Amino acid sequence: MTVAAEMSRPPAAASPAAAMLEVRDLHTRYGRVEALSGIDLRVPEGQIVSVIGANGAGKSTLLNSIMGVLPSSGEVLYRGESLRGVPLEARVAQGIGLVPERRDLFSSMTVADNLHLGAYSRRRLPWKADLDEVYARFPRLLERRKQLAGTLSGGEQQMLAIGRALMGRPKLLLLDEPSLGLAPLIVRDILKIVQGLQQSGVTVLLVEQNARASLAISDYAYVLETGQVGLSGPAGELARDERLSASYLGG
Amino acid sequence: MTVNPRTLLSGVAVLALLLLPALLPTYQVTLLVYVLIYSVVALGLILLTGVVGLTSFGQAAFMGLGAYTSAVLSTQAHWNPWLTLLAGLVVTGVVALILGLVTLRMQGHYLPLATIAWGSSLYYTFGNSPALGNFTGITNIPALNFFGVILSTPRSFAYLALAALLLSAVGAQFLLSSRTGRAMRALRGGPLVAEAFGVGIFRLRVQVFVLSALLASVGGWLYAFNQRFVNPSPFGVHAGIEYLFMAVVGGSQHVWGALLGAGLITQLRDVLRDLLPRLLGQQGNLETIVFGILVILTLQFAPRGLWPLLERVLPPATLPRLPASAPFADRLKPTPGVPLLQVEHAEKRFGGLRAVADVSFELRAGEILGLIGPNGAGKSTMFNLITGVNAATSGRVTFSGHDITRAGPGAVHRLGLARTFQHVKVLPELSLLANAMMGGYSRAHAGMLASMLHLERREESALQHEALRHLERVGLGSQALSLAGNLALGQQRLLEVARALVADPTLLLLDEPAAGLRYGEKVELAALLRRLREDGVTVLIVEHDMDLVMNLVDRLVVMSSGEKLAEGTPEEIRRHPAVREAYLGVDMQEGAA
Amino acid sequence: MQIFDTAIFPVLTADGLTTGAVYALLALALVLVFAVTRVIFIPQGEFVVFGTLTLASFQLGKVPGTLGLLLSLLTVAAVMEGFTQLRQRQPRRALLVLAGAAVTGAAYWALLEWAAPLKPALWVQVLLTLALVAPLGPLLYRTVYQPLQNATVLVLLIASVALSSVLTGLALVFFGPEGSRTPAFVQGNLSVGQLTVSQQSLLVILVSAALMLALYAFFERTMAGKALRATAVNRLGARLVGISPSSAGLLTYTLAAGIGALGGMLIGPTVALGYDSGFLIGLKGFVGAILGGLVSYPLAAAGALLVGLIESYASFSLSAWKEVIVFTLILPVLLWRSLTTRHIPEEDE
């Protein structure tokens, strides 16, 4: 049931760039259930790495464990330093941003307030320039800056969630299913934006169920199957691999 | 027959309690009487707050109703004091019924706030009514006469209070180990399980609320004839709060937590009344400081109270196996191949969101049908439409020939549908057997009174027999008496299947039964489901694990974005292009729209 | 009816608005605490009592008993925090916490021993009272509620009720059984035509209104205020932008205690308060807050004003029954609120 074979070269050799994030033997349990059993993963600086897999494979759990939303055992290294014992809020201040699956916006506050709060972790620094940058990236948000976040459409909420995370000037951005519940055209927009982030120097770890689309913009990818890494490899190679569809549709 | 050590220990404890009033010095006996009276009141809170999960700060007010009714009738109308007990129960019962009907629809924290409100109102009503002697109260209440014995000394009264406590405690214990008791416990974990097995939640809540008020009323009657006078102060909200403290500290989910909590707080008060004024140089109700701190520490360090700590050193409880009796008649099963469940153009909107849009499919008796789809496809909503948790906005759902589009979960269950839950919902502190017996709730009929008197043993025995049979069927027969909380997740899921089977369903709905299971457990689950199909059970399964689904089901319905995408055999579905796209996503370059 | 007599009605209305304004302040604090920390803060009324009684002690040139309470809580909180730091293997921070607490405690003690007998000006006394009562909020949060962070609303409610018992008892220890009335900040009356209102009443209403405006500005304009709102709306979202729930909690309880103390000083000249008055006052603020469903600030304030008015009218015609009336009124409101609020069932454990 698990396609255990590792593909081609090991990830470390895939890129000479230093690792922004390294995960070693990560285990996460919900009570008696082990949701992640020994994940190893590496995100080189400046790349987009995606984690794909069917429902319930543990993708969100992985991001939440890396971020410290969920307690886990194993090692998470951010820019070479262990994050053990570092609370979630401190991870944000160190430059890790998470856009969660449920977006977790401040729905009864305005778009502008949501973005303003995005700069909370670095509030002693000027943030107006960042706000202009976010508005430039998402003109829709500028139009709707006085609207309450809860009244935005799904795609706009996703943009706001990403924009809010960007206000914290993350070096590493963790994106949890940004395409979830969005129409195909909007999915395309969102993923183009993710590509744009890479160009402005943000390293991205992208979790997606939408395998084809996320592989198209990623440098490297891991396929998660019930809490373990099944396949991994350069995104282009994985996209052509027949075993990928088997991992989604059974076989 | 061997004697269970726990029964032996209970016997010794009761004997000790019986000897206490005779052996203790008078002052201690006086204290004991209060402990016993408070225990009766706290016992009501154990049932209401600990077991069912409804927090009340107003028990003291119900106690006041009992006490004042007895006081007025025995002093002004010269009723026989024993008759005033009945009158007090009637008055309290009526008031509680009205308050319950009005407030028990409240959710979460609204209910406890409401109890503070009406508790205060009743207290000020006692204090401001000239007929009740205002804040001075009513004096000269006669002593109780028990067949010529005047109960005017603490020693004699202690036996009355003891009898009251033992009777109430045994009744409560009987109640908890019955069909109604299991339903009460199920309420605490949220309404879903109870509703799914046909429990009338509001009715049961009201019943328990009234029962706890009646226990408080008995406490009030005892209080009045022990003190021989009443005034409002022991019946205010602060007293009500203290009863809740007793339950919390003693252990709010255990019948004997009431006695432990009442004893601890009463003894502590007695010590502190002397100690604190000397220590702090101030007179007054200083013991509330210690009580409050005690409660906060209990909540922080032993949220289930002190009784469970004691329980650890006691011999484990065992469930007596009841003698075999006539089994339940099985439901008539439909002929294989006959349509059992029909969904026609079902649609569900939440505000502007269409969670399910125009979905139709049919389930035939004897088959296993899989319902699959990516995240957010609307499977859970579809599941809720079938089980009666939500009603469809438009369209029709028919089950066994009945239109169930608007039927609630209980009604759908009684028509022969039983389910399991995606997030396992078993009662961890109960045995596997008791959990499984919960599934047969709607096959039995005994009410609260019959349960308290254990008049339903015949029916209970049939239930027990059924539960054991199905536990064996899923492979858990040998562990029937261990606690459900000690099982691994996979076994808990099997327990949920057994619980559903005890209901003798014509249709079994499984909500992601493989989620979180290990490989071996999944194999076991698949084998069980195949066996069930051979026995003619019809199954609808919502599941993510494709390996499991594809190798198990006869047919599949695939949903995506609220719509039905495809329907067919596993092989057809695996090759279906739209299904592949829904699962693997659209290609960016091709840009499907 | 006599109550609508032109001479009496305006007086009752003014009285009602004055106490109502103070209830409104409490209602705002209760809504805030509930929104940010899910705690139904029954002990809010105790801060009112502490405010009045602390100011009354200063009036007499005595060191208020609040100091003892503050120092004991500071000790417990410091030990708890030190212990937490030790468990996280941070012995230096643990020492720092203990040393910091010791210095703070000593400074408070020295300041009050020196200042109190001097009977400083009223406004200095007001500031000292605030400085004594406001820190009780965060200290109680640290010692009582923070360890229960993951508990259900119902468990937190029971903890609140228990805390209220503790504080009432401690108020008796530190202030004694006698109630106190504080002097009015301003003397004299103001007459407009037939209407005569005491200047103190006007002051109470004005200060309350000003405080509400200040709170509004705080929540709308400042990052700290927005952070509190954000925590209330979505805890995980707040954490993801770097707002720690504990710091939000500490700030919330500081505000709540400060508002309570101020309310106590405002109401002190009008109502005689004893050590045990807090529970009832808090509950009345609560009735107001419930009217706003524990969510809406303006509705909560309006509800509290209404409670003040009802109580004032009732105390004239049915004085003995005023509590019954106020508490019975809450039932339909609770029912209405409970049935109209979407409720996500909480699961125990």
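Select A:V49 and then strand β9 of chain A, where the bridge partner of A:V49 is A:Y220. This is a predicted model, in which local features need pLDDT of at least 70, side-chain atom pairs count only at pLDDT 80 or more, and totals for chains, interfaces and linings use all residues. Residues are numbered from 1 along each chain as its sequence is written, while chains are lettered from A and ligands numbered from 1 in the order in which they are written.

Now widen the selection to β3 (48–52) and β9 (220–225) of chain A, which pair in the parallel sense over four bridges; strands (E, at least two residues) and helices (H or I, at least four residues) are DSSP runs, numbered from the N terminus, and two strands pair if DSSP finds at least two bridges between them. Both belong to an open sheet of six strands with mixed pairing, in the order β6-β7-β8-β3-β9-β10 of chain A. At its edges, β6 (96–99) and β10 (228–234) of chain A each pair on one side only.

Next, select α8 (184–199) of chain A, a helix that packs on the sheet and touches β3, β7 (172–176) and β8 (203–208) of chain A; here residues are in contact if their C-beta atoms, placed from the backbone, lie within 7 Å.

Then move to chains B and C, where 43 residues of chain C are in contact with 45 residues of chain B. On the side of chain C that touches chain B, α7 (153–175), α12 (278–291) and α14 (322–340) of chain C each supply at least two residues, and the largest share, 16 residues, comes from α7 of chain C.

Key:
Two residues are in contact if their C-beta atoms, placed from the backbone, lie within 7 Å. Axes are lines fitted to C-alpha atoms, for helices over the stretch in contact, and angles run from 0 to 180 degrees between N-to-C directions.
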